[in-house]
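Have the structure open while you read.

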Amino acid sequence: MTESGEPGPQIEALRERISSLSAAILRISASLDVRTVLREVVDSARALTAARYGLITTVDEAGRPHEFVISGLTPDEERRLLEWPHGLRLFEHLRDLPGPLRLADLPAWIRSLGYSPDLGVSKTLQTTPMRHRGAHVGNFFLGEKEGGREFTAGDEEVLVLFAAQAAAAIANARTHRDEQRARADLEAVVETTPVGVAVFDARTGDPVLFNAEARRLAEELSTPGHPPAQLLEALTCRFSDGREVALAEFPMKQVISRAASVRAEEVVLSVPDGRSVTILVNATLVRAADGAAQSMVATMQDLAPLEEQERLRAEFLGMVSHELRAPLAAIKGSAATLLGASRAPDPAEARQFFRIIDAQADHMGELVRDLLDAGRIDAGTLPVDPQPLEVAALVDQARTTFLSGAGRQALRIGLPPDLPRVMADERRIVQVLTNLLSNASRHAPESSSIQVDAVRDGAHVAISVTDEGRGVPPEQMRRLFRKHTSVGGGDRTRGLGGAGLGLAISKGLVEAHGGRIRAESAGPGRGTRFTFTLPVAGDGGPDASPGVSRSPGDGSDPTRILVVDDDPHMLRYVRGTLEAAGYSALGTGDPEEARRLVSAEGPQLVLLDLVLPGTDGIEWMASVPEMADLPVIFISGYGQGETIARALEAGAADYIVKPFSAAELTARVRTALRRRVGAETFALGELAIDYGQRRVSVAGRPVQLTRSEYELLRLLAVGAGRVSTYDLLLRQVWRGRSKDPKLVRTVVKNLRRKLGDDAASPVYVVTERGVGYRMGSPGSL
C-alpha cells in the first residue's frame, strides 16, 4: 500500500492480471466448439505472458499428433515448423515430460538432443503436457517472451492453468463427439433400414418418429399433403385371424395402452378408397423404471416385394418349363415318327429327323448351360481363365456364330488397328458378344445394321454393341441386367434371353474378368448400346505371374495386399485367393490394427470392407493419411448404385459386390495394380511430372519444389479433373498436422509462382472458391 492508502503498483498489476485471467476463463467457457476454445486458450495465454506466439498440439486416442492450433507465427514460419524433419521425434520427447519445462535457450537444448535447430524461432520457450484424468491429450507451447526476457514462474502457472482448461475442453469435445457419432450411427441405421420403423408416444398416442421406409408406406395410403397422424384416423387393420380394427374407433393411445408385444403378425392396412398394403408387424412397448409405458416401437416389413419375387419366380419357372418343353417335344416327335413308321423311312428323310433331334438336343444343352451359369454367378463360383487375346479375334468368332445362326441384320465392325490385347477367357467373352448380338438382333428391324466398336479406355478396352431397335425407357434401364426382367413388352418377354437371363449372364461374365457392363439408350425408338470393359493385357506376357511386382528395382518380391474385413470366413477366402494367385496377403478385421499395418507393412493395394466395427470403411480410408497413395477396392454386400458411387467418389479404385468368384477378385486386383504402375508420368501443357524421379519441369525447365509443394502438386495431378478440397489436401499433404486452409493457400501461391501460373488466369492449378483446387485432365489444354 502507498502512504495515501492506495494499492501499490504490484498489487494493482496483480489485480489486473487476475481480472484478465477471469475474463479469459469466462470467454473459454462460453464456447462448445473445441477449436474455438483452443484458439481462445492460446491467445489468452499469449496476452497474459507477453509471448509472441503460442502452439497447441493435440493427440488422438492412439497418441498420434492430431491437430495443431497456432497463433502468432507468420505463414512462412508455420510452414517451416510443420515441415521440420525432426518434429515428430521432438514431439515424442516432449510428450513424455512429467511436467512443465522452461527454456532460456531453445536452439541449444535442441542441439543437446542431437537435432539441427533450423526452426527459425526464438530462444525462449515454455511448454507443458496437457493431461485429463491421467490421459495425455496434447502439449501447450508459448515462445519468445516480449523484450527477449525469460519466462517466469508466474508465466508457468498461467501456462499450466490454461493447459488444464484446454485438456478439459478436448476431453469434453471427444466425449461429445463420440456421443454424437453413436447417435448419428444409430439414426442412420434406423433411417436407412429397409424395414419401416415407427415410434409412438404412449401417453398421447402421437407418432414421434417415422423412418424413410415407414414414410414411404404411409405415402402409399395417405392423401398428398396430409400428415401421418391424419392417416391413422382413416386406417383399418385386418389381421390374419380375420379381426379388423378401425383406428378411428380406437384412438392410438388406447391401442398402445392395451397392446402386448406383437411378433411377426401379418396385417393388411387399408383406407376407405380401397388402397391397401400388406405388412409384417413387430411391436414392443418401452417402459420406464417404474413400469409405466413410455413409447411403442413398431417395425413394418412391406410384403409386396416378396410377393412380387414369388410371382417372378413362378413366372421364370413357367418360362423355363416352356423353353425346355419345346425342344423336348420336337425330339419326341421326331423319334416317334422314326420308330412308329409302318415302313422304313427314306434315308434322306431319316437324316432330316436326326438333324432335328441333334439341333434340339444342342438347344436344350445351351438352355441348361445358361441356367447353370446363372446359378454359378449368383453363388460367386463362375470359373474364368483369362489369357492375353486380340479383340479382333474375339469379335470375329462372335460374328461367325451370329451369322451362322439366326442373325438377320448386317454387322458393321469398327476396331482401331492399334488396339491392345485384353485379358479374356476366349469362350466366355465370345459368349458375351454372342448374347449381345442376339439381343440386338431380336429387338432391331431386319433392314437395320448392328455396330460393334472398341476403344482403349485407360487400363481397359471398352467394347460396344449398338442396335437401331426400339430402345429402352429410362425407368427400365437399371433393371436390364436382372434375371427376371421384361423390358418394353412384345417379344422381349419371349425366351430366356428376352427374360433377361442372357444379359444377367453377360454381366456376371464381364465382372468375373474385372470389367463392367452398362447399357445406354436415348429412349423408345432410339436404339440401345451395350458397352463392356476388359482389362488390358500386361507387358509381362501370358506367363507373367500376376502376384509378382515387375516395377524397376523390385526384383520378384510378391506384391503385398492388405485385406480388411471383420467377417473371418470372407477374410480367409480373400486371403487364400490372393495367395493362390501369388500375392502376399495381410489380413485383419480390426480397423486400428489395419491402420498399423498400412504404416508398418506398406501394402501396394488395400481390399476394404464397406462396414467395419465401429466405423464406416469410407470414413476409415479418409482418416488414414497413408491411404492417399494406395489403390483401394471396396468389398461389400451392398450393390446399390448410390453406395458404389459414394465409394468411387471418395477415391476408391474399384468396388466388388459379394458374392464374387476368385477369378473376378484377382482380375480386379490386377487391373487396379496395373493402373497404378502405369501412371508414372503426367503432362498438362508445358508442365511435366515424373513421379518415379520426383521431378517437375515446365517447358523443359526443371522446377525445384519443397516437399509440401511437390506433394500438393502430385495429389492434384493424380486427381486431375476432380476438385481436391482443403480438408483432403491438409489431411494428405500435412498428414493431419494442421487444419488451417491458409496453409494450403500459402503453398499454392508459392507453387504457382514457381510454375509461372497466373492466379488471375491459371493454367495448371485452378481455384474452386471456398472448396479447394483442381488441375485439368491431360489433353485438356
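Does Phe-200 count as buried or exposed? Phe-200 counts as buried, because its relative accessibility is 6% (buried means under 20% relative accessible area, exposed over 50%, partly exposed in between, with a 1.4 Å probe and protein chains only).

## Ground rules

This is a predicted model, where local features need pLDDT of at least 70, side-chain atom pairs count only at pLDDT 80 or more, and totals for chains, interfaces and linings use all residues. Residues are numbered from 1 along each chain as its sequence is written, and side-chain values use heavy atoms, leaving out hydrogens and water.

## Ring pairs

Searching the whole structure turns up four aromatic pairs. Rings of Phe, Tyr and Trp (its six-membered ring) pair if their centres lie within 6.5 Å; planes under 30 degrees apart are stacked, over 60 edge-to-face, and the rest tilted.

One of them is Phe-200 with Phe-210: the centres are 6.1 Å apart and the planes at 80 degrees, so this pair is edge-to-face. Phe-210 is buried too, at 18% relative accessible area. Another edge-to-face pair is Phe-481 with Phe-530, with centres 6.0 Å apart and planes at 90 degrees. Both Phe-481 and Phe-530 are buried.

## Charges over rings

Now for some charged neighbours. Arg-243 lies over the face of Phe-239, 4.4 Å from the ring centre (the cut-offs: NZ of Lys or CZ of Arg within 6 Å of the ring centre and within 35 degrees of the ring normal). Over the ring of Tyr-726 you'll find the charged end of Arg-745, 5.1 Å from the centre.
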